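Please open the model in a viewer and keep the selection panel at hand.

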Amino acid sequence: MAVTLTEAAARHVTRYLAKRGKGVGVRLGVKTTGCSGLAYKLEYVDELAPEDIVFEDHGVKVLVDPKSLAYIEGTQLDFVREGLNEGFKFNNPNERDRCGCGESFRI
């Protein structure tokens, strides 16, 4: 399985990297936090780390550290607009539960 992006997410990342003037892609991972135990972390990346696992979709590189891959394998990263809000949405088939505030999840 892989970590993928929708066209909307790829367009957003590509535009943002162009505006920054640098960057090779985004790093997707998880951290321990919140009521349910895990939260997603997403950051723009300027350099590949030796341990990064690299997926490419719609011309955008998604970097994942090996420890996070077990939790997010098969995840599709989307970029959505809902009313006045916009942001990334994680469609993770491994998720079993989310906390009420939406900040964390459980596998």
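Throughout this tour, a residue is buried if its relative accessible area is under 20%, exposed if over 50%, and partly exposed in between, with a 1.4 Å probe and protein chains only. Helices (H or I, at least four residues) and strands (E, at least two) are DSSP runs, numbered from the N terminus. The model is predicted: local features need pLDDT of at least 70 and side-chain atom pairs count only at pLDDT 80 or more, while totals for chains, interfaces and linings use all residues. Residues are numbered from 1 along each chain as its sequence is written, and side-chain values use heavy atoms, with hydrogens and water left out.

**The whole chain**

Display the protein chain as a cartoon. Its secondary structure comprises 2 helices and 9 strands, in the order β-α-β-β-β-β-α-β-β-β-β from the N terminus. The radius of gyration is 14 Å, close to the 13 Å that the globule rule gives for 107 residues, so the chain is as compact as a globular protein of that length. That radius is taken over C-alpha atoms, and the rule is 2.2 Å times the number of residues to the power 0.38. Along the principal axes, the C-alpha atoms fill a box of roughly 40 × 35 × 20 Å. Of the 107 residues, 38% are buried.

Next, select residues 4-5, 76-82 and 85-91, which are strands S1, S6 and S7. These 3 strands form an open sheet with mixed pairing, in the order S1-S6-S7; two strands pair if DSSP finds at least two bridges between them. S1 and S7 are the edge strands, each pairing on one side only.

S1 and S6 pair in the parallel sense over 2 bridges. Select Thr4, which stands opposite Gln76 in S6, and then Leu5, which stands opposite Leu77 in S6.

Leu77 has Phe90 in S7 as its bridge partner, and Asp78 has Lys89. S6 and S7 form a hairpin with 2 residues between them, and Gly83 in the turn has a positive phi of about 65°.

**Helix H1**

Now select residues 7-20. H1 has 14 residues and reaches 20 Å from its first C-alpha to its last, close to the 20 Å expected at 1.5 Å a residue; the expected span is 1.5 Å times one less than the number of residues.

Which residues of H1 are buried? They are Ala9, Ala10, His12, Val13 and Leu17. These residues cover an arc of only 165° around the axis, which puts them on the same side of H1; the arc is that of the directions from the helix axis to the C-beta atoms. An α-helix has 3.6 residues a turn, so residues three or four places apart point the same way. Just after H1, Gly21 takes a positive phi of about 85°.

**Ser68 in helix H2**

Finally, select Ser68, in helix H2 (residues 66-72). Ser68 counts as buried, at 2% relative accessibility. Leaving aside neighbours within four places in sequence, Ser68 is in contact (heavy atoms within 4.5 Å) with Gly29 and Val30. The C-alpha atoms of Ser68 and Gly29 are separated by 5.2 Å, although the two residues are 39 residues apart along the chain.
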